[in-house]
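Q: I am new to this structure and would like a close look at a single part of it, with enough of the surroundings to see where that part belongs. Could you take me through one residue carefully, and then widen the view?

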Amino acid sequence: MEKQLQHISKLMSLVLRHQPEAIGLQLDENGWANVEQLIEKINANGTKVDIATILTVVETNDKQRFSLNENKTMIRANQGHSIGVDLNLKPSIPPDILYHGTAERFLDAILKEGLTKQKRQHVHLSWQIETAKAVGIRHGKPVILHINAKAMHDDGYLFYVSENNVWLVDAVPTQYITI
Ligand code: HQG
């Protein structure tokens, strides 16, 4: 059951963040998909899923990756998109220090050109070191970068925080990064 939930969660991340067309799903400009349509399309693509399973995934997801609207008819990913959706996030004041977990092999490039958003819509930063470490490990030998978010904010950079508490910024120039 656990494995099946994880499979469905990964599939939901894929279609709600990156490739809705993989199952013929449509997202609106704010990233919302119709829950009934999501269920129908996932089933049509060979993975059995029902509303109860979707609700379980949303509720039990370790990073709270998904949100439902009030009457649970629409669903979206809280962050991590590569497709252009407007999450209507308001600029927020960040903690003084934020963390970014990356892999050692990216360090040279990062220290030369700063953190850039790569395929996603933002650079992702964490308020907890442990989270940054877990993110870094996905790419290789982890390195934790300390980001001087206060200085960036003071210098006019805009920070956003997703529904599930991931800090998002357009880019982090090298002068705000220490290892
Ligand atoms: C690196 C997960 C070379 C960057 C996490 C990272 C996160 C550079 C990789 C979310 C670079 C991009 C995002 C530069 C950045 N040169 N490499 N100039 N600038 N990089 O997956 O932050 O589990 O797009 O350090 O929790 O790893 O999916 O970003 O290593 O919030 O919900 O390029 O994904 O959430 O990788 O992870 P990613 P990320 P989920």
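This is a predicted model: local features need pLDDT of at least 70, side-chain atom pairs count only at pLDDT 80 or more; totals for chains, interfaces and linings use all residues.

A: T53 has its place in helix α3, which runs over residues 51–60. The side chain of T53 is joined to the side chain of D50 by a polar contact of 2.5 Å. If the neighbours within four places in sequence are left aside, T53 is in contact with L5 and I8.

Widening the view to the whole chain, its secondary structure comes to 6 helices and 9 strands. The radius of gyration is 17 Å, close to the 16 Å that the globule rule gives for 179 residues, so the chain is as compact as a globular protein of that length. Taken along the principal axes, the box filled by the C-alpha atoms is roughly 50 × 35 × 25 Å. Among the contacts in the chain with a separation of 6 or more, 71% are between residues 24 or more positions apart. The accessible surface of the chain comes to about 10,200 Å², and 50% of this belongs to carbon and sulfur atoms.

Some of the strands form an open sheet, in which 3 strands follow the order β5-β8-β7 with antiparallel pairing. The edge strands of this sheet are β5 (123–125) and β7 (160–161), each of which pairs on one side only. Strand β8, residues 167–169, pairs with β5 in the antiparallel sense over 3 bridges, and H124 stands opposite L168 in β8.

The model also holds a ligand, which is surrounded by 19 residues, the closest being R17, K63, H100, T102 and H139. In the side chain of T102, an N or O atom is 2.7 Å from an oxygen atom of the ligand, while for the side chain of R120 the corresponding distance, again to an oxygen atom of the ligand, is 2.8 Å. At T116 it is a polar backbone atom that lies 3.1 Å from a nitrogen atom of the ligand. Of the 780 Å² of accessible area that the ligand has on its own, the protein covers 88%.

Definitions and conventions
Residues are numbered from 1 along each chain as its sequence is written. Side-chain values use heavy atoms; hydrogens and water are left out. Helices (H or I, at least four residues) and strands (E, at least two) are DSSP runs, numbered from the N terminus. A polar contact is a pair of N or O atoms within 3.5 Å; within protein, one must be able to donate a hydrogen and the other to accept it, and residues adjacent in sequence count only if both atoms are side-chain atoms. Contact means heavy atoms within 4.5 Å. Two strands pair if DSSP finds at least two bridges between them. A residue is near a molecule or strand if one of its heavy atoms lies within 4 Å of it. Accessible areas come from the Shrake-Rupley method with a 1.4 Å probe; for residues, only the protein chains shown count as cover. The radius of gyration is taken over C-alpha atoms; the globule rule is 2.2 Å times the number of residues to the power 0.38.
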